[in-house]
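Thanks for coming, everyone. I will keep this short. Please look at the sequence and the structure as they come up.

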Amino acid sequence: MAEFECRLKKYRQMKDLTQEQMAEKVGVRRETIRRLEKAQYNPSLNLVIDIFRAVEAPIEEIYVLNNRITLSQILLS
């Protein structure tokens, strides 16, 4: 199974959001955001969409496969 790197923390901090604020924006618990940032949780596609909208960053910048292949490259192949 493919391993994704989640860069959520970087983008969340760029927006000056705490984990709690981010969780409220996307409708999950703070613990979920913490686990996402530590790559301990695989989010649903709906949650991924909510996240990239909340931080106003392209999805391929937030989730990267093995530091080489972006999520959009996978979806387009």
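**Two loop residues, then the helices**

Aspartate 16 counts as exposed, because its relative accessibility is 67%. Exposed here means over 50% relative accessible area, buried means under 20%, and partly exposed is in between, with a 1.4 Å probe and protein chains only. Aspartate 16 lies in the loop between helix 1 (8–14) and helix 2. Aspartate 16 is not a glycine, yet its phi is positive, about 55°.

Some ground rules. This is a predicted model, where local features need pLDDT of at least 70 and side-chain atom pairs count only at pLDDT 80 or more, while totals for chains, interfaces and linings use all residues. Residues are numbered from 1 along each chain as its sequence is written, and side-chain values use heavy atoms, with hydrogens and water left out.

Now alanine 39. This residue sits in the loop between helix 3 and helix 4. Alanine 39 is exposed, with a relative accessible area of 54%. Alanine 39 also has a positive phi of about 55°, although it is not a glycine.

Next, the whole chain. How many helices and strands does the protein chain have? There are six helices and three strands. Helices (H or I, at least four residues) and strands (E, at least two) are DSSP runs, numbered from the N terminus. Along the sequence, the pattern reads β-α-α-α-α-α-β-β-α. The protein chain has 77 residues, and 34% of them count as buried. Its accessible surface is about 5200 Å². Carbon and sulfur atoms hold 47% of that surface. The areas come from the Shrake-Rupley method with a 1.4 Å probe; for residues, only the protein chains shown count as cover.

On to contacts, meaning heavy atoms within 4.5 Å.

Leucine 36 is in helix 3. Leucine 36 counts as buried, because its relative accessibility is 1%. What does leucine 36 contact, leaving aside its neighbours within four places in sequence? The list is Cys6, Leu8, Tyr41, Pro43, Leu47, Ile51 and Tyr63.

Threonine 32 is in helix 3. Threonine 32 is buried, at 15% relative accessible area. Beyond its neighbours within four places in sequence, threonine 32 is in contact with Tyr41 and Leu47.

Last, the helix packing. The axes of helix 2 (residues 19–26) and helix 4 (residues 45–55) come within 9 Å and cross at roughly 120°. Axes are lines fitted to C-alpha atoms, for helices over the stretch in contact, and angles run from 0 to 180 degrees between N-to-C directions. Helix 2 and helix 4 are therefore oblique to each other. Angles under 35 degrees count as roughly parallel, over 145 as roughly antiparallel, 65 to 115 as roughly perpendicular, and the rest as oblique. Met22, Lys25 and Val26 of helix 2 meet Leu47, Asp50, Ile51, Ala54 and Val55 of helix 4.

Helix 2 also meets helix 3 (residues 30–37): their axes come within 8 Å and cross at roughly 105°. Helix 2 and helix 3 are therefore roughly perpendicular to each other. Thanks, and over to you.
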